Amino acid sequence: MASASSFSATKFTQPLPLNGATSRSHDKHQSFFDPLRTTPSSSSFLGSTRKLRLSSASKLKLLANPNRRSAVVAVSDVVKEKKAKSTTNLLITKEEGLVVYEDMILGRAFEDMCAQMYYRGKMFGFVHLYNGQEAVSTGFIKLLKREDSVVSTYRDHVHALSKGVPARAVMSELFGKTTGCCRGQGGSMHMFSKEHNLIGGFAFIGEGIPVATGAAFSSKYRREVLKEVDCDHVTLAFFGDGTCNNGQFFECLNMAALWKLPIVFVVENNLWAIGMSHMRATSDPEIWKKGPAFGMPGVHVDGMDVLKVREVAKEAIGRARRGEGPTLVECETYRFRGHSLADPDELRDPAEKAHYAARDPITALKKYMIENSLASEAELKAIEKKIDEVVEDAVEFADESPHPSRSQLLENVFADPKGFGIGPDGRYRCEDPKFTEGTAHV
Amino acid sequence: MFGIIMQKAFGQRIRPAVSAWRGYSSAAKEMTVRDALNSALDEEMSADPKVFLMGEEVGEYQGAYKISKGLLDKYGPERVLDTPITEAGFTGIGVGAAYHGLKPVIEFMTFNFSMQAIDHIINSAAKSNYMSAGQMSVPIVFRGPNGAAAGVGAQHSHCYASWYASCPGLKVLAPYSSEDARGLLKAAIRDPDPVVFLENELLYGETFPVSAEVLDSSFCVPIGKAKIEREGKDVTITAFSKMVGYALKAAEILAKEGISAEVINLRSIRPLDRDTINASVRKTNRLVTVEEGFPQHGVGAEICASVVEESFGYLDAPVERIAGADVPMPYAANLERLAVPQVEDIVRAAKRACYRSVPMAAAA
């Protein structure tokens, strides 16, 4: 595209070499593939992936279908590798480790409580739980600033928690109470918090990706058009493997790369779109490869290993923040529960479930921290206890909170307080000289 | 695309109504609807750097219908964005940008293509303020030509007014004249909520007189307010967009036969100005609704319901509802003409409402 007509990309600095940032990023499981660079890095990544995928797949005896190359890198590999290195080269500090552990425990405990509350009739409709995928939410979102945006899917409770929305507000929302983060008007699949820049909660496949791309567009627009020079806000778009077969995914990879938008596309590939196996749905199951096809780095990471996810996330978020454009990250993960609480979950092989259950990301992090003397068993226990209390408190708070009042039904349809272009003084809003400045408040 | 060429021939149909109306005005200045839209966009972009235009062919091509002519040169490629042909993608991008306080104007080359993106118009834009309990307002405008074009077949000739107007959270505007186009587009861009702005390809080249007030950069038309284009006492005719011209033409003919028709230009389909409609019906006691869209669950149906609910006792005749034929738009020129309301249809319906004898329809 002619540079004169494109949304000017020239104001960005040249991308830094993706593999040169830290010594750890040479780790073969985390290498980026950048189509603009020479090919050796890509071929080594392909080779290592294929080998690892095949070896773990054969362990799983999942080779009945030759296209089925599903398994991810075993978590133990990384732990062993890291153990071999000196303790000064640990992937995480004690403080960071405790924060990450607490966030993952919160996600897990919160979702377990949701299941209980759902079966007790305290929440209703579709409730999609995140169990098993915590390493992705925590690994990415805990690296963000408050001004950075997160766009999620219907499986959004834990993204909200990681972004800092209080457990009380999320639980209350699920209970349909007026103290919820959307006063009970959003529900399980539509979590919003402007304060935390959690901008949805999108219940349709692919719907959140353009919105996230638009959020990233607004960062660039603020910097380049509105001259807010320090606006380096990054947007993370979370979605699943099923979405990667949807047109909006491709449309937005294209435009994000074309306009070099500060966004990271985070694929939470949990291998199943409800009951549709990823291997049965996608011609080429290696989703990360679609990044290079659109001129952006694609990276494949073990989504059951929060430390690996963090490493990749750091690099991708940094890249976006520096104005070097988008990244596609495929996190291979697994959901420990059905698609939603209404899903009987009969299609997934028990052996497959057992395989991933053994790779629980929380257990793995705990092991890493204890083996590397980053935390004692007692410290971690204390965190678990604290989180149990947080979740209990959230339930109590939600339970005691009032239901929305009858009058709330008709509120918030429009930002415009009376909805009909009429201002608080009873005059038409457009007659107000301040109209262009956006004077609406609810 | 062909519409640009076609409209010259097709536009003849409504020109008499316009020139007749022009006779009443002594305004010195005239302006095409195209220039009205272009100047409104220009002024709002100039007034507020958060406003940007995005869509297919809006930049280097200067707009498929030249509505955005000159804007790329003036505001640069950062604010006049040529997108790939990806309606779902760029519409959603607009919505996401609006979440963060920008004011996107999303152009659909025609509203027929908004079907590719209706998920974002309804689910991402219209519902977000409610779902987020007022945290996420979406100040965005979706605009482009809507309704029956000429000779382009079923998929490119379709009025979406009643579709979008049935969705809470959206404001739906349909300008007729240059005054409407300028005033409503400026109001839409300034509005803090998502607005669907339904233009008409066949009106773009039409010229209307404009007052000095209309040309002022602060000019704005209130959303939710209809305009009485012509006062009358015997029958009320409601119309929007191109059909306002037809209704005015019909009113001319009716006047010669001694029937005084009041023509209401709805301007805003949602919110609908029920007050103005009902006040008029209470005066004339008769109602004819006109629209190009499909009859079932249409704008006319809604107006009829409103009048039955609020002014039933004032009605002296059954409500006459004129709409497009209940078929996908045919291609053949003679069938196409039959499928959309014509001036004669309005005249005939108004006479029926006034209990004048009507010869059996021979137009077909």
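**Notes on the two chains and selected residues**

1. The model discussed here is predicted. In chain B, 65% of the 364 residues are buried. The secondary structure of chain B consists of 15 helices and 14 strands. Among contacts in chain B between residues at least 6 apart in sequence, 81% join residues at least 24 apart.

2. Chain A has 442 residues, of which 59% count as buried. Its elements are 14 helices and nine strands. The accessible surface of chain A is about 17300 Å², with 57% belonging to carbon and sulfur atoms. For contacts in chain A between residues at least 6 apart in sequence, the share joining residues at least 24 apart is 75%.

3. A:Glu207 is buried yet has no salt bridge, and the nearest side chain of opposite charge, B:Lys127, is 7.9 Å away. A salt bridge would require a side-chain nitrogen of Lys or Arg within 4 Å of a carboxyl oxygen of Asp or Glu. With neighbours within four places in sequence left aside, A:Glu207 is in contact with A:Phe202 and A:Gln248, and also with B:Asp119, B:His120, B:Asn123 and B:Ser124.

4. Which residues form the negative surface patch? They are A:Asp388, A:Glu392, A:Glu396 and A:Glu400. A:Glu400 is placed in helix α14 (residues 377–400) of chain A. A:Glu400 counts as exposed because its relative accessibility is 64%, and the cut-off for that class is over 50%.

5. Two residues call for a check of backbone geometry. A:Lys260 is not a glycine, yet its phi is positive, near 50 degrees. A:Lys260 is found in the loop between α8 (247–258) and β5 (263–269) of chain A, and its relative accessibility of 21% makes it partly exposed. A:Asn412, likewise not a glycine, has a positive phi of about 70 degrees. A:Asn412 belongs to the segment after α14 of chain A. With a relative accessible area of 6%, A:Asn412 is buried, since buried means under 20%.

6. The bond from B:Arg270 to B:Pro271 is cis, with omega near 0 degrees. B:Pro271 is placed in the loop between β12 (268–270) and α12 (274–284) of chain B.

Terms used. Residues numbered from 1 in each chain as written. Chains lettered and ligands numbered in written order. Predicted model: local features only at pLDDT ≥ 70, side-chain atom pairs only at ≥ 80, totals over all residues. Heavy atoms only, no water. Patch = residues over 30% accessible without salt bridge, like charges linked within 9 Å, V, L, I, M, F, W, Y side chains within 5 Å. Areas by Shrake-Rupley, 256 points an atom, 1.4 Å probe, with all protein chains shown as cover. Lys, Arg positive; Asp, Glu negative; His and termini not counted. Charge placed at Lys NZ, Arg CZ, Asp CG, Glu CD. Helix = DSSP H or I, 4+ residues; strand = E, 2+ residues; numbered from the N terminus. Buried < 20%, exposed > 50% of the residue type's maximum accessible area, 1.4 Å probe, protein only. Contact = heavy atoms within 4.5 Å.
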